[in-house]
Amino acid sequence: CEWSFAREQNEVFIINSDEELERYIVSESGEKHPAVDFTKYTMLLAHGWSQNGLNTRCIRSLLQISDTEFTLNIDLFQDLSDEYEAWALALLMDKWDKLYIVNLNIESNVVYE
């Protein structure tokens, strides 16, 4: 299985069911993606593209900034290559009981080796 996204931009999706998750996963061999119990969990799925190759990508934090809004902070550590590279990160959380807005904040850093 691998991630598949329609647009080449930075986005975050709130996923609450297998049907929603399957919109973003493809499997040429027909294999099933790892199971997620969406009765207990909500998944935040962030993705985007880097202008350079990536050494590391990680979720730094998820901050609640109001009753209805969160900010998901992502760190990307890029190398000096010209490789245009896709990235994706997922975070499982206890099931959300209402709709929230999730803003995506990406911090890019260059790693010199």
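This is a predicted model: local features need pLDDT of at least 70, side-chain atom pairs count only at pLDDT 80 or more; totals for chains, interfaces and linings use all residues.
Q: Which residues does isoleucine 14 touch, not counting residues up to four places away in sequence?
A: Contact here means heavy atoms within 4.5 Å. By that rule, isoleucine 14 touches Glu20, Thr42, Met43, Leu44, Trp96, Tyr100 and Val102.

Q: How do I read a pair of aromatic rings?
A: You describe such a pair by the distance of the centres and the angle of the planes. Rings of Phe, Tyr and Trp (its six-membered ring) pair if their centres lie within 6.5 Å; planes under 30 degrees apart are stacked, over 60 edge-to-face, and the rest tilted. This rule gives seven aromatic pairs here. Take phenylalanine 13 and tyrosine 24: their ring centres are 4.4 Å apart and their planes are at 25°, so they're stacked. This pair ties together distant parts of the chain, 11 residues apart: phenylalanine 13 is in strand 2 (residues 11-15), and tyrosine 24 is in the loop between helix 1 (18-22) and strand 3 (25-26). Both ends are tucked away: phenylalanine 13 is buried at a relative accessible area of 17%, and tyrosine 24 is buried at 15%.

Q: What do the rings of phenylalanine 70 and tyrosine 100 look like?
A: Their centres are 5.0 Å apart and their planes are at 85°, so this pair is edge-to-face. Here too distant parts of the chain are linked, 30 residues apart, with phenylalanine 70 in strand 6 and tyrosine 100 in the loop between strand 7 (85-94) and strand 8 (101-110). Phenylalanine 70 is buried at 8% relative accessibility, and tyrosine 100 is buried at 17%.

Q: Which residues do ring pairs link into a cluster?
A: Trp3, Phe5, Phe13 and Tyr24.

Q: Which residues of the largest nonpolar core touch the most other members?
A: A nonpolar core is a set of buried Ala, Val, Leu, Ile, Met, Phe, Trp, Tyr and Cys residues joined through side-chain atoms within 4.5 Å. The largest one has 14 residues, and Ala46, Leu72, Ile74, Trp87, Trp96 and Val102 touch the most other members. Strand 4 (41-50), strand 6 and strand 7 each put in at least two residues, and strand 6 gives the largest share, four residues. There's also a second, separate core of nine residues, which includes Tyr24, Ile25, Phe38 and Met43.

Q: How do strand 5 and strand 6 run, and how many bridges join them?
A: Two strands pair if DSSP finds at least two bridges between them. Strand 5 (residues 54-64) and strand 6 (residues 69-78) run antiparallel and are joined by nine bridges. A hairpin of four residues connects strand 5 to strand 6. Isoleucine 59 faces isoleucine 74 in strand 6, and leucine 54 has glutamine 78 of strand 6 as its bridge partner.

Q: What is the order of the open sheet of three strands, and which are its edge strands?
A: The order is 5-6-8, with mixed pairing. Strand 5 and strand 8 are the edges, each pairing on one side only.

Q: Where is serine 17, and what does its side chain reach?
A: Serine 17 is in the loop between strand 2 and helix 1, and it's buried, with a relative accessible area of 17%. A polar contact is a pair of N or O atoms within 3.5 Å; within protein, one must be able to donate a hydrogen and the other to accept it, and residues adjacent in sequence count only if both atoms are side-chain atoms. The side chain of serine 17 reaches the backbone nitrogen of glutamate 20 at 3.1 Å.

Definitions and conventions: Residues are numbered from 1 along each chain as its sequence is written. Side-chain values use heavy atoms; hydrogens and water are left out. Buried means under 20% relative accessible area, exposed over 50%, partly exposed in between (1.4 Å probe, protein chains only).
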